[in-house]
Structures are given as C-alpha cells and as structure tokens.
Amino acid sequence: MHDRHALTARIAGLGTCLPDKILTNKDFERMVDTSDEWIVSRTGIRERHVVSEGESVATIAVEAGKRAMADAGVEPEEIELLVLATATVEQPIPATSAIIQPALGIKNATCFDIAAACSGFLYAMHVARQFIITGEVKTAMVIGAETLSRYTDYTDRATCILFGDGAGAAVLQAAPAGEGILRSALHTDGTYADFIQMPGGGSKYPPNVKEHIDARLPFIKMRGNETFKVAVRSITEVCQEVLAGAGVAADKVDLFIPHQANLRIIAAVGERLGLPPEKTYLNLEHVGNTSSASIPLAMREAIDRGVLKRGDLVLLAAFGGGLTWEDRLRLSWPGQPVRGDGERPRGEVPRGAGRVRPRRRRARRVPL
Ligand SMILES: CC(C)(COP(=O)(O)OP(=O)(O)OC[C@H]1O[C@@H](n2cnc3c(N)ncnc32)[C@H](O)[C@@H]1OP(=O)(O)O)[C@@H](O)C(=O)NCCC(=O)NCCS
C-alpha cells in the first residue's frame with residue numbers, strides 16, 4: 001500500500017485520434033445560412049473532424065487508448081482502471097468503457113464511464129487520481145472521446161458550426177507528491193442544466209418514440225449567449241482557486257491549455273487571469289469543440305510541437321454541459337510523441353458534406 005499523503009498521479013503517456021473526414025466553414029456555407037467570416041470572427045473555428053461510416057466513439061477511443069499505452073511504454077495488462085468520459089456513448093447499455101476493454105486488451109482493468117460533458121476528461125483524471133492516491137491502483141487510463149457529429153442538428157446554424165469529433169487518452173501512474181498533478185478542483189451547478197443539453201434519448205424523452213425524433217429532441221441544443229458568459233466567469237474563478245490553492249502566481253504558469261470551445265471565451269479568461277496570449281495553447285481552429293476530447297487533443301499537439309515540455313507548469317481548465325467545470329495544475333511531462341491517426345471508420349453528417357484529406361496539422365500559440 002502506498003503512503004497516501006506522499007502520492008499524486010502523473011501523466012505517463014498520451015494518445016489521440018482524430019477522424020480523417022473534415023468539415024470546413026465553406027461546407028457549412030452550403031448547409032446553413034452562415035459564412036466563414038461569421039464563424040471565424042465569433043468562434044475562431046475554421047474546420048473540424050467528423051467520423052465517417054463505420055467509425056464510432058468506440059473506434060476512436062480504442063485508437064487513442066492504444067497510442068497512450070505505447071507512449072507510456074506500458075503493457076495493456078498493467079492498466080488496472082479505465083475511466084472513460086463521453087457525452088456520446090457507443091450505446092446506452094453497456095458502458096462504452098466496457099465495450100472497448102477487449103479491444104484495448106486491458107483485461108485487468110475495472111471500467112466505468114462518467115458523464116461531465118466538456119469537463120469530462122478532467123473529471124475522469126480527477127477520479128483516477130483518487131484511486132491512485134489511495135493506493136487502490138498504480139496505473140490507470142482515462143479517455144475523453146466524442147462523436148458529437150452524431151447528435152449535431154445540421155439545420156441549426158448556431159450550434160452545428162461549433163462541434164467536432166475526436167478522442168484523447170492518458171495513462172496515469174503514481175508519482176511522488178510535488179510532481180505530476182499538483183492541484184485540481186471540480187464544480188457543478190445544475191441550475192444551468194438547460195444551457196447546453198440534448199433533451200431526447202434518455203428516460204424523459206426515450207429515443208424509441210417517433211414524436212421525439214420528429215421534434216428533434218435527440219440533438220444538441222444550446223443557449224449560446226448565456227453559456228458564453230457563465231463559461232468566462234466560472235473558468236476564471238476556478239483557475240484563480242487552483243492557482244491560489246497551489247500557491248502559484250499566474251505568471252509562473254508556463255502554458256495554459258483551456259477547453260477549446262470558443263476563441264473569445266479563451267481570450268476573455270486569459271485576460272482576466274493576466275495570462276499573456278503566447279502562454280495559451282490553441283488548436284480549436286482546426287478541431288472545433290470536441291467536448292471531453294478537447295484537452296488531451298490540445299496537450300498531445302502541444303507536446304508534438306515542442307510547445308509543451310517536460311517540467312513545464314501547465315494549467316488545464318474546462319467547462320461544459322451541466323454546467324460542470326474543472327481546473328487542474330500540473331507539471332512533469334514525460335512521454336514520446338505518438339503520431340499518425342491510423343484508419344478509422346460513420347457519421348450523420350449530411351451526405352456529400354465535408355471531405356477526407358491527408359492530415360495537415362496546424363496549431364499555434366494564441367494571437368488573440
Ligand atoms: C454560439 C455563439 C458563437 C453565437 O455567437 P453570439 O455572438 O452569441 O451570437 P447570438 O447567439 O447572440 O446571435 C447573434 C446573431 O447571429 C445569428 N447567428 C447564429 N449563428 C449564426 C451562424 N452560424 N452564422 C450566421 N449568423 C448566426 C443569430 O441568429 C443572431 O441573429 P439575429 O441577431 O438576427 O437574431 C456564441 O454564443 C458562443 O460561442 N457561445 C458559447 C458556446 C460554447 O462554447 N458552447 C460550448 C460550451 S462547452
């Protein structure tokens with residue numbers, strides 16, 4: 001048994017998966033009444049990846065998980081816990097984490113899902129870290145994976161332009177306190193539950209009722225303007241809480257990796273925290289809002305591009321449906337880059353929309 005007071009968790013490896021198919025703003029100009037200029041100026045997003053026929057949240061989660069294990073140099077049998085965060089489950093029963101367990105070969109892992117929308121990955125890390133701190137497991141995997149395109153209403157111009165698909169996974173291992181994750185905080189305020197929601201598909205409006213589908217209930221709906229304001233306030237406050245709790249001044253943070261929802265939200269938070277744009281990592285321009293996959297996708301990219309380096313002090317922050325928000329301060333950045341996205345397979349994106357093209361990676365520090 002570990003000494004619980006001397007332990008934390010560190011990221012031993014990171015793996016991601018983005019579907020090959022891309023939807024650009026030009027594609028949306030053909031689908032709804034919008035323009036590239038409007039989308040870029042209001043959100044900062046230019047394109048997003050979406051799953052194709054034959055792909056699902058499980059296929060991309062498995063790919064990301066395998067890459068994370070390879071990056072960490074751990075064998076599947078070493079993984080004792082899988083916490084998978086998703087708002088777009090493979091199917092209601094059983095849990096998506098259980099569905100993908102065989103494909104990952106993690107036969108010794110206890111598997112469960114959590115639902116915390118866009119904060120899901122950081123919630124999952126928090127949960128897995130508790131298992132590590134108590135000594136119950138030594139090596140855990142967390143995955144944030146989403147196929148939001150399957151629940152996006154491609155007739156609603158205010159939401160459809162925002163979302164993309166993707167998956168990111170991390171292998172967490174025990175580390176001495178003072179390394180790895182230094183501090184984290186979780187919050188929930190269910191009074192905002194109707195700000196971002198998918199009303200249909202559950203117990204209240206089951207998916208097996210035609211009227212619910214006709215009323216477009218199993219699609220993502222959002223009160224964008226109100227969400228925007230709450231997001232800025234809640235992320236700023238939780239970042240301040242975590243920095244104060246860790247005894248770290250904002251100017252000591254090497255890199256801020258926020259949930260990639262909207263460039264203007266990120267800019268407003270950075271300004272309030274006093275974090276300069278060059279210390280904020282952005283990749284939403286080419287992935288859009290991928291919910292629980294957002295943070296690991298951005299982290300992996302930042303490492304591969306040499307922006308995030310071993311020993312850096314990193315501030316991660318997310319918010320999402322519920323409303324949930326989470327913040328985490330970490331250092332200690334091990335692992336080899338894992339490249340290539342492999343083959344993956346289906347999407348409810350309108351026929352003919354988007355295209356598949358060879359991977360072209362762009363990312364930058366924020367010119368906000
Ligand atoms: C969705 C969002 C980009 C909309 O931007 P906004 O500046 O708030 O725009 P509004 O909703 O006030 O709408 C302004 C106008 O633009 C229109 N509009 C909405 N979407 C549009 C689109 N894609 N193209 C063109 N016009 C659009 C609206 O219909 C409205 O028109 P009106 O004034 O004639 O009624 C913005 O609210 C947002 O990003 N919110 C946060 C969303 C988010 O991050 N959610 C995920 C959290 S995890």
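Biologist: Great. What kind of model is it, and how are residues numbered?

Modeller: It is a predicted model: local features need pLDDT of at least 70, side-chain atom pairs count only at pLDDT 80 or more, and totals for chains, interfaces and linings use all residues. Residues are numbered from 1 along each chain as its sequence is written.

Biologist: How many helices and strands are there in the protein?

Modeller: The protein has 11 helices and 16 strands. Both are DSSP runs numbered from the N terminus, with helices (H or I) of at least four residues and strands (E) of at least two.

Biologist: And what percentage of the residues is buried?

Modeller: Buried residues make up 52% of the 368. A residue is buried if 20 or more other C-beta atoms lie within 10 Å of its own, exposed if 12 or fewer, and partly exposed in between, with C-beta atoms placed from the backbone.

Biologist: Which residues touch the most other members of the largest nonpolar core?

Modeller: A61, V142 and L172 do, in a core of 109 residues. Helix α3 (residues 57-72) gives the largest share of this core, nine residues. A nonpolar core here is a set of buried Ala, Val, Leu, Ile, Met, Phe, Trp, Tyr and Cys residues joined through C-beta atoms within 7 Å.

Biologist: What is L172 in contact with?

Modeller: Leaving aside neighbours within four places in sequence, the contacts of L172 include I11, M125, I132 and V142. Contact means that the two C-beta atoms, placed from the backbone, lie within 7 Å.

Biologist: Switching to the ligand: which residues come nearest?

Modeller: T34, R157, A158, G224 and A261, out of 20 residues around the ligand. To be near, a residue needs its C-beta atom, placed from the backbone, within 6 Å of the molecule. The shell divides into 10 nonpolar, eight polar and two charged residues. In that count Ala, Val, Leu, Ile, Met, Phe, Trp, Tyr, Cys and Pro are nonpolar, Asp, Glu, Lys and Arg are charged, and the others, Gly among them, are polar.

Biologist: Where do α8 and α9 meet?

Modeller: F228, A231, V232, I235, T236 and C239 in α8 meet I265, A268, V269, R272 and L273 in α9. By class, that contact has nine nonpolar, one polar and one charged residues.

Biologist: Why is α11 described as largely enclosed?

Modeller: Because 10 of the 11 residues of helix α11 (residues 294-304) are buried. Among them are I295, L297 and R300.

Biologist: Which residue pair is joined by a cis peptide bond?

Modeller: I93 and P94, with omega about -5 degrees. P94 lies in the loop between β4 (81-85) and α4 (96-104). Most residues other than glycine have a negative phi, and most peptide bonds are trans.

Biologist: So where do positive phi values turn up?

Modeller: A117 is one of them, with phi near 50 degrees, in the loop between β5 (110-114) and α5 (120-133). R216 has a positive phi of about 55 degrees and lies in the loop between α7 (210-214) and β10 (221-222). A117 is buried, with 23 other C-beta atoms within 10 Å, whereas R216 is partly exposed, with 13.
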